[in-house]
Amino acid sequence: MRIFLQGLTGSLLAAGVATAASGPALAADLVVAMPNWPSGQASANIIGLGIAYKFGLDVEVREMGTLTAFSGLDHGQVDVHPEVWRPNLDNLVKKYADDKGSVTVSLRGVPAWQGLCATPEAAETVGIRDVKDLNDPEKTAALDTDGDGKGELWIGAPTWSSTGIERVRANSYGYAENLTLVEAEEEVGMAAVDAAVATGRPMVFACYAPHHVFKLHDIVRLEEPEHDDAKWKIVAPADDPLWIQKSSAPVAWDIAHFHVAYAGALAEDHPDVAAFLEKIDFTPAEVTDMTYALQVDRRDPKEYAAEWIASHADRLNEWAKP
Amino acid sequence: MTDQRMHDSVSPGRRGSRRLTGKRLVAGMLAAVFGLGAIAAIAAETQVFDPKTREWVSYDRKKALKYYARNNQVPEAFRRQIVPFRTAEKPGTIIIDGNMHYLYLVQPGHKAIRYGIGVGREGFGWAGIVRVGRTAEWPTWTPPAEMVARDPSARPWANGMPGGPDNPLGARALYLYEGDRDTIYRIHGTPEPWTIGLDVSSGCIRMNNDDIVDLHSRIDVGAKVIVLMQGAALYKGV
């Protein structure tokens, strides 16, 4: 166990948190998995530093993929995952939490939203504020960028399973007929939003929150009919190669949540830490701030975490209360 | 997107999913420059705003030549300038908006240097992320075999045209790589500066020589290059 330092940010940084980059050295008391997306990086460091700060433990924050993290939680090499998305990762939650019982997913979740977004020009000048507006070819023609008379709509990265569902939604709502659905990496989609805003052009795109794009630009979320499980008929891609044609989803996405998860062994060895993890209640606004700080302001995750903890002492105290 | 969280790595750039059809729409820009709504600027060809008549006018090869002959430079919109540009991309990243005929070099403080570019009229339409694999000063140009067969003026240079003021690659070339593989797309200069802002008959991303020299001086080999999906038309070779 390392000496526990209190107080200043600099001291926090020197406290008991090591990263994989600094070398393995001695085994840490606890390992927090760090995902490769910005909010996960920020929250992993905040949680790691928070545990070190409040419980005097030596914590290592180690970058790894989600599957590796879950396997580590199951086998005892990893103690905490800061951001488990549901329902996206429900298959892993079922396997390790429900069936094996080796992982606990905290009950609190940060609500996450996904849907369609418009730049200010698309919403205000062209008048695209509701998903229904995408069925108006005169409006969507304004989104044309390659001269074929049809607008373009970025629906996500080719690797995302949500991208196929956006295709289903476009078919179900009917706007697939007058819009070209474009798949490209998120960086390409976001840079296109940046360029559209910089030149005052209209653009509509698939989006999700919390996300830094909402802080970077004045983005408008399109109105949609509320999610209805009865109308959300998505055939599992693994079950049928023609799943997109056979699926239907003419309603909004359901609200997703992401949760802290921790190893069953942690709950036994450090019940106070497990109780702390159960109380973590990041708000969507805080998560947006985290992604903006890391992605746009290019803050170092460790330094950002130290500052966050220094400026949120009340929250830490609340989480650590017995 | 949320499902990204199920993948351990980011996928490589994607290529060639969209072939452009019909005449490329080219928005004539300039909302930022002239304070006008860009919607009005959208038309079937490049348009520029004439501050004298206060009208949008089409900007084709003939007009471009005339404008250049009169002013010895391209219209203001296509001249190098610092513009507000809010992005999560780090300074040093190049973002190519072929539709608007702009190339942005991201700068600190939510700004970018914006250059006017000429792009290919038709052909490959793709979006993705590449990098500057290498650069060259006054590069040699070797016409593709089919051009040598088709165009008598290209024949003398079948084995390579030395760099110089008449060389189609202009003063500098940035060679775009995907991983370690040369994509054979380039950002290069041109001996025909009036073609900036146009969809020219051939060429990758072309910039006037002053601009490509400026861009070359500011970037490092390895710089990230994002090609936007909108009307992203690039040519193979020149």
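In chain B, strand 9 and strand 14 (residues 224-227) run antiparallel and are joined by four bridges. Strands (E, at least two residues) and helices (H or I, at least four residues) are DSSP runs numbered from the N terminus, and two strands pair if DSSP finds at least two bridges between them. This is a predicted model in which local features need pLDDT of at least 70 and side-chain atom pairs count only at pLDDT 80 or more, while totals for chains, interfaces and linings use all residues. Residues are numbered from 1 along each chain as its sequence is written, and chains are lettered from A and ligands numbered from 1 in the order in which they are written.

**The sheet of chain B**

- Nine strands of chain B form an open sheet of mixed pairing, in the order 3-6-5-4-14-9-10-11-13.
- Strand 3 (81-84) and strand 13 (205-206) of chain B stand at the edges with a single partner strand each, so one side of each has no neighbour in the sheet.
- Helix 4 (residues 209-218) of chain B packs on this sheet and touches strand 5 (102-107), strand 6 (111-116), strand 9 (128-137), strand 10 and strand 11 of chain B; contact requires C-beta atoms, placed from the backbone, to lie within 7 Å.
- The direction of helix 4 of chain B makes about 55° with that of strand 10 of chain B, where axes are lines fitted to C-alpha atoms, for helices over the stretch in contact, and angles run from 0 to 180 degrees between N-to-C directions.
- B:R131 stands opposite B:K224 in strand 14 of chain B, and the bridge partner of B:R131 in strand 10 of chain B is B:Y177.
- Strand 9 and strand 10 of chain B pair in the antiparallel sense over six bridges.
- Strand 10 (residues 172-178) and strand 11 (residues 181-188) of chain B also run antiparallel, joined by six bridges, and B:A173 stands opposite B:H188 in strand 11 of chain B.

**Helix packing in chain A**

- Helix 2 (residues 38-55) and helix 14 (residues 301-311) of chain A have axes 8 Å apart and pack at an angle of about 55°.
- Helix 2 of chain A is therefore oblique to helix 14 of chain A; angles under 35 degrees count as roughly parallel, over 145 as roughly antiparallel, 65 to 115 as roughly perpendicular and the rest as oblique.
- The contact of helix 2 with helix 14 of chain A involves ten nonpolar, three polar and one charged residues; Ala, Val, Leu, Ile, Met, Phe, Trp, Tyr, Cys and Pro count as nonpolar, Asp, Glu, Lys and Arg as charged, and the others, Gly among them, as polar.
- Residues of helix 2 of chain A in this contact include A:I46, A:L49 and A:Y53, and those of helix 14 of chain A include A:Y304, A:W308 and A:I309.
- Helix 2 and helix 13 (residues 284-296) of chain A pack at an angle of about 105°, with axes 8 Å apart, and are therefore roughly perpendicular to each other.
- The contact of helix 2 with helix 13 of chain A has six nonpolar, five polar and no charged residues.

**Overall form and local backbone of chain A**

- Chain A comprises 15 helices and eleven strands, and its C-alpha trace spans about 65 × 45 × 35 Å along its principal axes.
- A cis peptide bond, with omega about 10°, joins A:A209 and A:P210; A:P210 lies in the loop between strand 9 (204-209) and helix 9 (213-216) of chain A.
- A:R298, a residue other than glycine, has a positive phi near 55° and lies in the loop between helix 13 and helix 14 of chain A.

Methods:
Two residues are in contact if their C-beta atoms, placed from the backbone, lie within 7 Å.
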